[in-house]
Amino acid sequence: MTKPKIAGGIQVLISLSWIYRNLEILYDYKFYPEILRVVLIPESVLILQTIVGLIGLTLGFLVYHKKLKIRSSYFIFAALWLVGFGTECILVSF
């Protein structure tokens with residue numbers, strides 16, 4: 001396996017796990033509202049993070065197929081993660 005395939009695969013796995021996490025929380029909020037939670041994440045943040053995860057998934061596939069360089073893809077990916085976690089931290093704390 002070459003470097004782009006490994007790097008793209010890692011990025012795809014991270015994005016898939018992030019998408020799964022956000023969709024699972026959104027599903028729990030919709031279908032199990034009787035469960036009390038310590039912290040509630042707004043639905044808009046969960047949807048935004050899911051979209052960011054889909055963009056990261058696309059970037060991972062582009063790296064895997066050598067259409068995008070690893071360094072630029074990881075830079076964009078890290079920036080998207082900072083935006084996602086930043087919005088979650090700001091909106092959950094207020």
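Predicted model: local features only at pLDDT ≥ 70, side-chain atom pairs only at ≥ 80, totals over all residues.
**Entry 1: the surface**

I then looked up a nonpolar patch on the surface, made of Met 1, Ile 6, Ile 10, Ile 14, Tyr 64 and Tyr 74. Together these residues have about 570 Å² of accessible area. Which helix gives the patch its largest share? I found that helix H1, residues 3-31, does, with three residues.

**Entry 2: the aromatic rings**

Next I searched the whole structure for aromatic pairs and got six. I picked out Trp 18 and Trp 81: their ring centres are 4.3 Å apart and their planes meet at 20 degrees, so I wrote this pair down as stacked. The pair joins distant parts of the chain, since Trp 18 is in helix H1 and Trp 81 is in helix H3 (residues 70-93), 63 residues apart.

Is Trp 18 buried or exposed? I noted it as buried, at 3% relative accessible area. Trp 81, at 22%, counts as partly exposed.

Trp 81 also pairs with Phe 85, and here the rings are tilted, with 5.1 Å between centres and 55 degrees between planes. Both residues lie in helix H3, four residues apart, or about one turn of the helix. I logged Phe 85 as partly exposed, with a relative accessible area of 34%.

**Entry 3: the cluster**

Finally, I put the rings together: Trp 18, Phe 77, Trp 81 and Phe 85 form one aromatic cluster.

Definitions and conventions. Residues numbered from 1 in each chain as written. Heavy atoms only, no water. Patch = residues over 30% accessible without salt bridge, like charges linked within 9 Å, V, L, I, M, F, W, Y side chains within 5 Å. Areas by Shrake-Rupley, 256 points an atom, 1.4 Å probe, with all protein chains shown as cover. Salt bridge = Lys/Arg side-chain N within 4 Å of Asp/Glu carboxyl O. Helix = DSSP H or I, 4+ residues; strand = E, 2+ residues; numbered from the N terminus. Phe/Tyr/Trp six-rings, centres within 6.5 Å; stacked < 30°, edge-to-face > 60°. Buried < 20%, exposed > 50% of the residue type's maximum accessible area, 1.4 Å probe, protein only.
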